[in-house]
Amino acid sequence: MTESQKARTAQDSADVVILGAGPAGLVLGNLLLAAGIDCAILERAAREHVQTRARAGYLAEHTVRLLDRHGLAGGLRRRGQEHGVCEFRTESDRFRLDYRLLGRGEQHTVYPQHELVTDLLAQYLAGGGRIRFETGAVAVRDADGTQPVVDVRDADGRPSRWAARYVAGCDGRHGAARRSIPDGAVRRHHRDHGVTWLGLLAEAPPSLDAVGYAIHPRGFAGHMARSPEVTRYYLQVARGTAPDAWSEDRIWDELALRLRAADHGPLERGPISRRTVVDLESDVLEPLRHGSLFLAGDAASLISPSAAKGANLAVLEAELLAGGLTAALRHADPAPLDRYSAQCLAYIWRAQEFSHWMIRLLHADPAGSGSDSLFQDRLRHSRIEMLRTSRTQQDWFAENYVGL
Ligand code: APR
């Protein structure tokens, strides 16, 4: 047999093959490892890339409790920053909601996602977990049977295969898990909110001690503290804007204008170290299963970043999936796995509804024009007034903002 023939037939196996080493895949891997389930993670990117990728960082209390319960919260307990206030700035006013005192009295822990990923990975490796970096899944085959196979390629393009009893698709929206589900087997609900954000990381301390949401005729602007040295900002921009289309001066001037720095205090400026353009989109796959292939995290549902729910849902789904897979493999009990999709979808639709509400609170209707757009704008104004003045509405907001 030639070397290339050997490579073509190379096959590894694990009871559970996990695609993707983001929060979903790594929480799942850790929980399966702790339960003594044979598993392996296949990650397309290099380790360095996974550990430095800038992402969200707002973890809800239930996420922190969940990670704590499984001994996975050491780093974020030590280095995470507690956070519980948001500030809305509008044409007429600004107001703050201290959501620790509203709803269920919960708060966020700010902990950059790449640090969480780094912690989860270190713990997985320390426990003897198997992971292959620079190994991208190409396709999941035979998922409708009991012996699915994952076709993979390494960084040099060498193909190989992984045999599994179950495959967990935690490889995001553009991953192989979604692609491998035949047309019509799973329904995809999709919504393009028509809004685009320029996401920025600034090498500058936070400018306010709250998450800032500015509603402005020129578009939305957001401020999110990340660490004492780094702050995340968002600017609503026209669809199709290139990440580097705006100069740093233009970005800071526009942020200052929309956040009404002249009225409420100047912004701490600094170099912009990262820029990404995000079209606000949501989608949900239903069900989150095709035979022995299960979806979790962004692979299951994409949620717009307006309410910082993505990582929190991913962690919750990973825990439910770990429980289901453990029951099936350890105790030959398929019931929890059969419930997995419906259980997750209840949380996902709740989060989608709230995120959709936030989008409509923060942005002018992009499709609206003329009198319709004015009508939508008045509705938006009324919505924000309710939030400013009604304790009941504030409790509802707080419960949904930090909860699931
Ligand atoms: N094969 C293997 N790995 C893949 C493939 C593939 N074909 N395609 C993508 N991946 C990897 C990516 O490189 C990434 O590391 O899958 C991982 C998916 O991780 P995340 O994108 O972090 O997704 P998830 O774990 O579902 O976490 C969702 O992350 O993107 C944020 O806003 C999102 O906060 C949410 C959270």
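Tutor: Contact here means heavy atoms within 4.5 Å. This is a predicted model, so local features need pLDDT of at least 70 and side-chain atom pairs count only at pLDDT 80 or more, while totals for chains, interfaces and linings use all residues. Residues are numbered from 1 along each chain as its sequence is written, and side-chain values use heavy atoms, with hydrogens and water left out.

Student: Into which domains is the protein divided?

Tutor: Domain bounds come from an automatic or database domain assignment. Domain 1 covers 3-57 + 112-186 + 287-356, and domain 2 covers 193-281.

Student: How many residues of each domain are in contact?

Tutor: In domain 1, 15 residues touch 10 residues of domain 2.

Student: What is the area buried between domain 1 and domain 2?

Tutor: The size of an interface is often given as the accessible area lost when the parts come together. Here that loss (1.4 Å probe, summed over both parts) is about 890 Å², with 54% from carbon and sulfur atoms. A54, P305 and S306 supply 42% of what domain 1 buries against domain 2, more than any other three residues.

Student: Which side chains meet in a salt bridge?

Tutor: A salt bridge is a side-chain nitrogen of Lys or Arg within 4 Å of a carboxyl oxygen of Asp or Glu. E281 and R173 form one, at 3.5 Å from N to O, and the count between the two domains is 1.

Student: How many disulfides are there?

Tutor: A disulfide is a covalent bond between the sulfur atoms of two cysteines. With a cut-off of sulfur atoms within 2.5 Å, the count is 0. The closest cysteine sulfur to that of C170 is in C344, 11 Å away and therefore too far for a bond.

Definitions and conventions:
Buried area is the accessible area (1.4 Å probe) that two parts lose on being put together, summed over both.
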